[in-house]
Amino acid sequence: MITDAAIQRILAAVDAGFDNQLAATAELVNSPSRREHEEPAQDLIESHLQNLDLGIDRWTIDSPELKAHPGFGPSTVDYTGMTNIVGTYQPAQDDGRSLILNGHIDVVPQGPEDKWSRSPWDAEVRDGWMYGRGAGDMKAGLIANLFAFDAIRQAGFDLTGRVHLQSVVEEECTGNGSLAALLRGYTADAVIISEPEEDALVRANVGVLWFTARVTGNLTHSREMANGFNAIDAAYEVMRALRTVEESWNERKGEHPYFEDLDYPINFNFGGIEGGDWPSSVPAWCELQVRVATYPGTSADEAWEEIVEALAEVGRGGSASQGSSSAPSFEIELTPNGFYAEGYVLEPGSDAERLLERTHREAFGAQLTSFTTPGYLDGRVFVNYGNMPTLVYGPVSENIHAFDGRVNIESVRKCTKSMALFIAEWCGIDEG
C-alpha cells in the first residue's frame, strides 16, 4: 500500500489541477462529437495525450477482424474515417500491475435545441453542475481519466506499471470502438471505465440488440383501404408482439442474479417509425427502429432467434392482440443495425474491486455501493472477451440522454481523486 503521505500529495495534486480539468472538460463538450463527427474531439484528446508525453496510437477501427468478431454490432456508417486513440505509459522498469482507463468520445444526438434551456454545446457551469450534451456521458469521465493519471506525476511520483488511456468511438450504438481496441491488442490486469454511475460501481448490465423491422404489403388507394393492407396498422401488431416478448422476459428476472429485485429490468424501445409515401395512398411499408435488452448469460443469437420466431408468427397472420390467426398475413423483414451485444456480470471479490472500495472511501468518506443497470456499457467487451476485471465507476449526472444533461462537479472531483489513488496503488509508484 502507498503511504499516507503519498495519498495526501496525490489528493492535493488533483485539487491543484481541477480548474484545468474543468476547462478541458468544457472544451471537449464544446466539440459536438455525434456519430461520424467525432474526429475534432478526438484531436483534442490526442493533444492532451501528447502533452502527457504518452505513446500515441490512433487508427481507423474498420477491419476484417472486427467484422468477424461475435461481439461486433452491424454498422450503418462508414468506419474508414472513424478513429480510436490510445495513449500508453510504459515505465522504464515494469514492476507493477497494468491498467486500462477507458472512455468513449461519442455522444447521442441532442434533439431539438429549442427544448434546451441553453445551448447543448456551451458547457455552462451553474450551481455546482456542468451542462451540455456529453458533459456527463461521458466527457467528464474521459477527461477525469487523464487528470487522475497526471495527478500522480504532478505529485512527484513515477508509476511502475503500464497504463493505456483509451478514447473510443461507437459506444452509444454498437460498442465496436472498445472491441476494436481489444482486437488491437490492448489488454491489462484491470480496466476502469469512468461512465456516469452515481459515484457507484456497476455490478451487472444488460445486453442490447438494435434492429429495423420493415413491414411490407400491397399499395392501395385510400378509397379502397377497407380491402387493402395498411403497413402502419400492421406495424402495431409487430409492436404488440414485441411487447409480449418483453413481458415474458421480465417474468424471468428471478432466474438472473442481480436482476431479480429490479422492477422492470428488460426494456424494449421503439426509437423511430417511418412509413408510407402519400397521404391518399394506403401505406405499403413501415419501418420500426427497435432496441431490445437481454439478460447476461443469454447470447445475442439466442435472443435474436426468439424475436425472429415471435415476429414470424405475426407475419403468418397470428394477431398478437387477438392471440389468433384472424389477421391478414404480411411480410416482416428484420435487419440488425447496431448493438448485437451480450450483457455481463462483474463477479464480486476481485483485487481491483477491493482496492476501489478503499480508494472510494478515502475520496468520499463513504462506503462504495454497487448496482445493476438496464443499459448498455462497454464493460461487456473487456469482461466477456478479455476476461479482465472491469470497474464501471463514475460521477453523478442527470438527463444524460435528455434535455439539459448535466454532471455534478464535486462528484467529478471526488471520482478523480478515487481513480488517482487507484492508479497509484494498482500500478505502483516509486516513492523514492
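How many of the residues of strand β14 are buried? Of the 10 residues in β14 (residues 285-294), 8 are buried, so that the strand is mostly covered, where buried means under 20% relative accessible area, exposed means over 50%, and partly exposed lies in between, as found with a 1.4 Å probe on protein chains only. The model is a predicted one, in which local features need pLDDT of at least 70 and side-chain atom pairs count only at pLDDT 80 or more, while totals for chains, interfaces and linings use all residues. Residues are numbered from 1 along each chain as its sequence is written, and side-chain values use heavy atoms, with hydrogens and water left out. Helices (H or I, at least four residues) and strands (E, at least two) are DSSP runs, numbered from the N terminus.

Strand β14 has neighbours with which it pairs, and two strands are said to pair if DSSP finds at least two bridges between them. Strand β10 (residues 207-216) pairs with β14 in the antiparallel sense over 10 bridges, and Val-208 stands opposite Ala-293 in β14. Strand β12 (residues 268-275) also pairs with β14 in the antiparallel sense, here over 7 bridges, with Ile-273 opposite Leu-288 in β14. Strands of a sheet pair through backbone hydrogen bonds, either parallel or antiparallel.

Another part of the model holds an open sheet of 4 strands in the order β4-β5-β20-β19, with antiparallel pairing. In this sheet β4 and β19 (397-398) stand at the edges, and because each has a single partner strand, one side of each is left without a neighbour in the sheet. Strand β5 (residues 129-131) and strand β20 (residues 406-408) run antiparallel and are joined by 3 bridges, and Met-130 stands opposite Val-407 in β20.

The 13 residues of α3 (residues 39-51) should span 18 Å at 1.5 Å a residue, and the end C-alpha atoms are 18 Å apart, which agrees; the expected span is 1.5 Å times one less than the number of residues. Within α3, the residues Ala-41, Gln-42, Ile-45, Glu-46, His-48 and Leu-49 are buried. These residues cover an arc of only 160° around the axis, which puts them on the same side of α3, the arc being that of the directions from the helix axis to the C-beta atoms. An α-helix has 3.6 residues a turn, so residues three or four places apart point the same way. The buried residues of α3 pack against α2 (18-29), β1 (55-60), β2 (83-89), α5 (135-154) and β7 (163-168), where contact means heavy atoms within 4.5 Å. Just after α3, Asp-53 takes a positive phi of about 60°.

Helix α5 also includes Met-138, and a cis peptide bond, with omega of about -10°, joins Asp-137 and Met-138.

Rings of Phe, Tyr and Trp (its six-membered ring) pair if their centres lie within 6.5 Å, and planes under 30 degrees apart count as stacked, over 60 as edge-to-face and the rest as tilted. The rings of Tyr-89 and Phe-149 have their centres 5.7 Å apart and their planes at 65°, so this pair is edge-to-face. The pair links distant parts of the chain, with Tyr-89 in strand β2 and Phe-149 in helix α5, 60 residues apart. Tyr-89 is buried, with a relative accessible area of 12%, and Phe-149 is buried as well, with a relative accessible area of 1%. Elsewhere, Trp-210, Phe-339 and Tyr-376 form one aromatic cluster.

Thr-416 has its place in helix α11 (residues 409-427) and counts as buried at 0% relative accessibility. The side chain of Thr-416 makes a polar contact with the side chain of Gln-21 at 2.9 Å; a polar contact is a pair of N or O atoms within 3.5 Å, and within protein one must be able to donate a hydrogen and the other to accept it, while residues adjacent in sequence count only if both atoms are side-chain atoms. Not counting residues up to four places away in sequence, Thr-416 touches Val-14, Gln-21, Ala-144, Phe-147 and Ala-148.

Two loop residues complete the tour. Ala-123, in the loop between β3 (99-104) and β4 (125-126), has a positive phi of about 55° although it is not a glycine, and at 7% relative accessibility Ala-123 counts as buried. Glu-198, in the loop between β8 (191-193) and β9 (200-205), has a positive phi of about 60° although it is not a glycine, and Glu-198 is partly exposed, with a relative accessible area of 41%.
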